[in-house]
Amino acid sequence: MKHFVFLFVILLCLSCNEKTNSQTNEATSNSNVTETSKITETKETSDTNDQDDWYWQNTQMSENNTFESWEQGAVDLVMLYRYGNNQNTPKTLEVGSIDENGKITINLPENIQTETKLGNLQNLVFYDIQDISKFIYTIPEAGYFGKTTINVMKDGATIGTLTLGNSVRVTYNLTNQSTLSMGDEGYIISWIYLDSAARMQGTEITNNTVRRDGTKPIETENTVAYDLEYKPGWNLVKTEVIGKYDLKHERGLNASWFKKHEHTVISEIPKDANYFFRKQNDY
């Protein structure tokens with residue numbers, strides 16, 4: 001009789017154990033499905049945000065001329081100036097500072113020695129006009145110096161760059177040769193110095209077949225307009241991207257091409273403009 005009772009207990013334990021294993025496996029399976037769903041959902045959600053995340057990587061935007069939670073300490077703001085024979089050691093032009101609390105001060109020197117002439121084609125930072133004969137100059141020999149970015153330096157080393165505008169994308173795109181034609185809308189402001197008053201004008205309308213990696217070619221009409229009425233000394237030049245063509249990208253990422261670039265001299269910094277600090281990866 002004892003043998004039968006002992007056998008019954010063993011069978012009962014095995015049955016319970018199988019049930020427990022079954023429930024555990026089912027729970028694990030459900031957990032895997034849930035985790036897979038979360039990964040899929042995250043991927044689908046982030047596909048359209050990957051680029052925004054990339055543009056903001058190592059980047060801060062100011063508010064009221066101050067960077068909140070500034071961690072770089074006191075730094076100098078300089079423009080690279082007059083490359084000498086040694087291209088690795090350019091001279092610098094001091095144009096301001098950021099204090100330990102993140103407050104930005106721009107203090108442009110009243111008079112500087114210009115680097116080149118207004119009519120020098122190397123001054124075309126954006127290279128967005130195809131036919132250079134479209135340009136009309138009143139004084140092409142006017143002395144010229146200009147920058148779209150300011151270097152941020154600490155203890156003699158460049159730790160990042162500073163740009164001014166109303167869009168994290170545009171202030172990046174229009175300072176990098178490979179992304180100059182991106183259609184993300186907004187503007188960037190450049191600092192331009194001339195030693196005399198001069199005018200630079202030119203408008204070009206072109207029809208182009210454009211594409212980016214993973215996109216189908218589309219036909220676009222692109223307008224580039226320069227209407228720059230320079231005064232002697234420092235000028236603020238606003239370059240605005242107006243309108244865009246959306247390109248269907250095979251990976252679901254944002255891809256676009258500009259409809260219009262408009263370059264104008266403005267009298268003051270717009271209220272919606274902010275500074276963007278982009279820290280170098282090794283700092």
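Predicted model: local features only at pLDDT ≥ 70, side-chain atom pairs only at ≥ 80, totals over all residues.
The side chain of threonine 163 makes a polar contact with the side chain of arginine 278, at a distance of 3.1 Å.

**Threonine 163**

- Threonine 163 belongs to strand β9, which covers residues 157–165.
- Because its relative accessible area is 1%, and buried means under 20%, threonine 163 counts as buried.
- Leaving aside residues up to four places away in sequence, threonine 163 touches Thr148, Thr149, Thr171, Thr175, Asn274, Tyr275, Phe276 and Arg278.

**The largest pocket**

- The largest pocket holds about 540 Å³ of space, and its lining is made up of 21 residues.
- Leu80, Glu115, Val125, Gly146 and Lys147 are the lining residues that lie nearest the centre of this pocket.
- At least two lining residues come from each of β7 (143–147), β9 (157–165) and α3 (168–173), and β7 gives the most, with 4 residues.
- Sorted by class, the lining of the largest pocket consists of 12 polar, 6 nonpolar and 3 charged residues.

**The largest cavity**

- When the whole structure is searched for cavities of 30 Å³ or more, 1 is found, and the volume of the largest cavity is about 150 Å³.
- There are 17 residues in the lining of the largest cavity, and those nearest its centre are Asn123, Val125, Phe126, Tyr144 and Tyr230.
- Strands β7, β10 (186–194), β12 and β13 (233–246) each contribute at least two residues to the lining of this cavity.
- The lining of the largest cavity has 10 nonpolar residues, together with 6 polar and 1 charged.
- Val125 is named among the residues nearest the centre of the largest pocket, and Val125 is also named among those nearest the centre of the largest cavity.

**Strand pairing around β12**

- Strand β11 (residues 198–210) and strand β12 (residues 218–230) run antiparallel and are joined by 13 bridges.
- Within this pairing, asparagine 208 stands opposite threonine 220 of β12.
- Strand β12 also pairs with strand β14 (residues 256–266), here in the parallel sense and over 5 bridges.

Technical notes
Residues numbered from 1 in each chain as written. Heavy atoms only, no water. 1 Å grid on protein atoms, 1.4 Å probe; cavity = no way out; pocket = protein on both sides within 12 Å on 5 of 7 lines; lining within 4 Å. Points joined across faces, edges and corners; volume = space filled by probe spheres on them. Nonpolar A, V, L, I, M, F, W, Y, C, P; charged D, E, K, R; others polar. Pairing = 2+ DSSP bridges. Buried < 20%, exposed > 50% of the residue type's maximum accessible area, 1.4 Å probe, protein only. Polar contact = N/O pair within 3.5 Å; in protein donor to acceptor, adjacent residues only side chain to side chain. Contact = heavy atoms within 4.5 Å.
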